[in-house]
Amino acid sequence: MMKERLKSIILLVLVCLSLFQTYQLWYGQQPAELATAEDIYERVIIEQPRPPEQIIFPETIVIPVENGYYAYREGEQIYTRLWETLLEQLHSSFVSNQAGTVSDFPEGAPRLLSCYLRPLLPVGSESSLLPLLPESELARLDLIGGSETYWVRLFTAEEEVLAEAKLTSTQVAVLQNLISVAKAEERVLHNLLTGDAAASAAGLNVTVNEVIFLPQAQIDLARLPVKPETINREQLLKTFFVDYSLARSIEEKDGAVIYTDGERGLRLTTGGFEFSYPRLEEGEANQTVAEALNSSGALISFHGGWPSGLRLEIIEQARLGRSVTYSTQWRMYYLGYPLYAAKPTRIVFNDRGLIHFNRLIYNLQNLNQDLAENRMTAGWQEALRAALEVIFAEASEQPEDLKLEAFNLGYAIVTGGNELWAEPVWHLQIDGQRILLRADNLVQIQVEDLR
Amino acid sequence: MNLGRAKLILIIAFAALNIFLGYYLFWPDFGRLTSVAVSAEELRLTEQMLAENNYKLESPINRAIQTVDFLTVSQSLSVQRAVLLRFLREGASISQEEEANYYYIEGETAVIHASGLISILYNPSVPLGENLFNQEPREIRNLVDAFLVAHQLYFDGLSFDYLERDDPSTIVVYYNQIIDDAPVFAGQLKVIIVDDKIQSVDLYWLEPADKIMAREIRVISAAEALSNLVYELGPAAEQKLISKVELGYYSGDYDAEKWEMPPVWRILINGQYYYINAFTGNLEQEIIIPEQLQ
C-alpha cells in the first residue's frame, strides 16, 4: 500500500515536471533568429535629435532703440522666446503662400529687430522651416515695419535679399507684444562696432569683418562657481560600444579612465569625455550641410544629451588627403555669455561614422550664487588696447593692419583654490590669435590655464 | 494489467520524457561539457580556406571551448623595489631626470622609466659564451636563464618565449610573464646579446588585480581567429607557414594606475607574431589607445 502511494507521488512529480519543462521549452526560450538587437542590448535613448533650425540659433538678436541697440544672446530667456516666436512666424509666412518678394515692401521703413545667424542656416527643399525658398543659406533676418504692418526680410551672407514676406495682423500683434517685453528689460545699450571706431581706439588700422555688438558702458559681471556636467558613465559607454563588456579599461594616474576595444577609444575625465575612432578617418563626407547638421545634432543628443545653453558655433568641411570630414564645434552660454573652456565641444564625422568627439561642458545653473564675486568690466576700448599690447609683445615687428574677428564678453573656466570658477573675460580674436583678458583688470589668461 | 505495473510504466515513460526535455532546455550548458569550439569539419574548412589564401597551418590548435575574463594588471612595484634594493645595497649613486631615474653601480646602470619599464644596462657587457649565433636556441636559453638567476632577475612566473637573431651579431631573448596560468605576450623581459655579451635587460613586470570570475566570457575559436587574420592580411603572394597558435593576454605598456588586458590568439606566421583579440576578433595593432587620447 505504502509502495503504491510512493509510486503515485513519483508519477505526479514527473508529470508536473514534464509539464513545467514543456512550458519552458515552448514559451520560455526565444529562438535566436527571432531575438532582435533590442533584446540583447539595452536601448539607449538620451534625447531626441533636433531639426537644423533648432540646432542653429542666431549669434545675436538686436532690437534697435534710440542711441543704440539692445542685444540678446543664447542662454537668455527672452532670446529663446524671441527666436522661437520668429521661427513660428517665419514658418507660417513662408510655407503658406507668400514665398518670394512682396510688391509693397516699404523701402526705408525702420528696422524693428535683426537676427544674425552664425553659422548660416540652410534653407530650401531640405529645410523643414523654409522648404519653398531656393537652396541657399540664411545669414540675417530683419523685421521691418511701422505701427501696424510688419515685413520679414531674409538675407544671404552676401547681403542679397533671399525672400521677404508681409506678416498678418495676428503675427504683428504677437511680435509687437514680445518686442515690448524685451525692451522693458533693463539692459545696457550696445553699439555696432565699425572699423573706424576700432581704429580710433586702437590707434592703427583695424578691419572689422564680423558683426560685433559691444556694450556702450561697463557691465557688472559676477565671477561664479562652476561645475562640469555630470555624465552617466555606464549609459555613455553603451552609446559608444555595441557591447561595452568587450572594451578594456585603463585607469590613468590622473583619475581618467580610457575604454578601448583596440579600434576605438573613449577617455572619461571628471569633466567630460573624448572619443576617437581613427580607422574611419579615410572616407567621404557627401552629406549636405542640412544632413550634416542633423547628424551632428543626433550625435550630441545620443552621446550625453543637449544641455540648456549649448549653441553650435562652427560647422565646416575639411579635406586632408583622402579624408573628408565634417566638423562641428559647440559652446555653452550662460545668460548670453559664452564659456571658454580648455577644449571646445567638437565632433568630427564623415559618411562612415563618428571619428572624434570631445565633450567638455560646464554648468553654471543651480550653483550656490552666494559665492559669486562681482567684477566691473573694463570698457571695450581698454580691452582692445590691452589685447593689442599682448600681440605687440609677442610679435617681432608691430603690425600695421589688424583684422578683428571676434570681440565679446564671456567667461573663462579657471581654477581658483580647489574650485572651478567662471571668470568674466573679454574675448578677442585678432588675425586668428585668440586672447582672453580678465574683464576687470585686463590681465591675460593663458589658454593653458583654462580648464 | 494491474494498476501497480501501469504506474511503473508511466513513471519510466515520464522519467524518459523529463530527461529528453531537460536535455533540450539546458543544451548550451550540456553542450559546453561535451562539444568543442572547433569541430573536425570546421578545422578542415579552415585549413582549406588557409590553403586557398596561400597559408599552411603547421601547428596544432586548441579546439576546446574556453571562457576567460580581461586580466586586470598594474605595474609591479615589488619587482621594481627588488631591483632597486640590489642596486642600493651595492651603494648605487642616483640621478633623477624628468622621464626616468638612473641608479649606477660598478658595471651596471638601472634606468627606471615612468611607464614602469626597467632597463639594466651592462657596461662593460657581460660575456655569456662563445659563438652563440651558431648555437641551438635551447643552449642559449640555458645560458641566459643561468645569467638571470645569478643577477636576481629570474622572477616567479618568468617563462621563456622565443629568441630572435637580428643580424650576425645580435640575439634578443624574450620571456613571458605567466599570470593565472596564461602567458602575457608583451615582452615582459628581454635580454639583448651583442657579440656574445649581454648588453642589457629590459624588464616590464606586472601584478594582477581585481579578478572577477563572474565576468568570464567565451572567447572566439582559434579557427575564427585564423580566418579573421587571413581576412586582415589578405592572400599571401608566396606560401606562408602558420607555426604557432596560442591563447594568452596582450597589451601595450601604459603609464597608468591599472589596466585591463584582453585575451588574444597569438599567431606566428613566417617568424612574425600577430595578435587577434579573442573577444572581438579584431587584429590588435601596436597602438591600442587611439593616438588622440594618449
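How many residues of chain A are in contact with how many residues of chain B? In this predicted model, local features need pLDDT of at least 70 and side-chain atom pairs count only at pLDDT 80 or more, while totals for chains, interfaces and linings use all residues. Residues are numbered from 1 along each chain as its sequence is written, and chains are lettered from A and ligands numbered from 1 in the order in which they are written.

**View 1. The side of chain A that touches chain B.** Here 34 residues of chain A are in contact with 36 residues of chain B, two residues being in contact if their C-beta atoms, placed from the backbone, lie within 7 Å. At least two residues each come from helix H1 (2-28) and from strands E12 (248-252), E13 (257-260), E14 (265-268) and E15 (272-276) of chain A, where helices (H or I, at least four residues) and strands (E, at least two) are DSSP runs numbered from the N terminus. H1(A) gives the largest share, 13 residues.

**View 2. Strand pairing between the chains.** E12(A) pairs in the antiparallel sense with strand E15 (residues 256-261) of chain B over three bridges; two strands pair if DSSP finds at least two bridges between them. Within E15(B), B:Lys258 is the bridge partner of A:Glu251.

**View 3. Chain A as a whole.** Chain A contains eight helices and 26 strands. Its radius of gyration, taken over C-alpha atoms, is 28 Å, well over the 22 Å that the globule rule (2.2 Å times the number of residues to the power 0.38) gives for 451 residues, so chain A is more spread out than a compact globule. Along the principal axes, the C-alpha atoms of chain A fill a box of roughly 115 × 60 × 50 Å.
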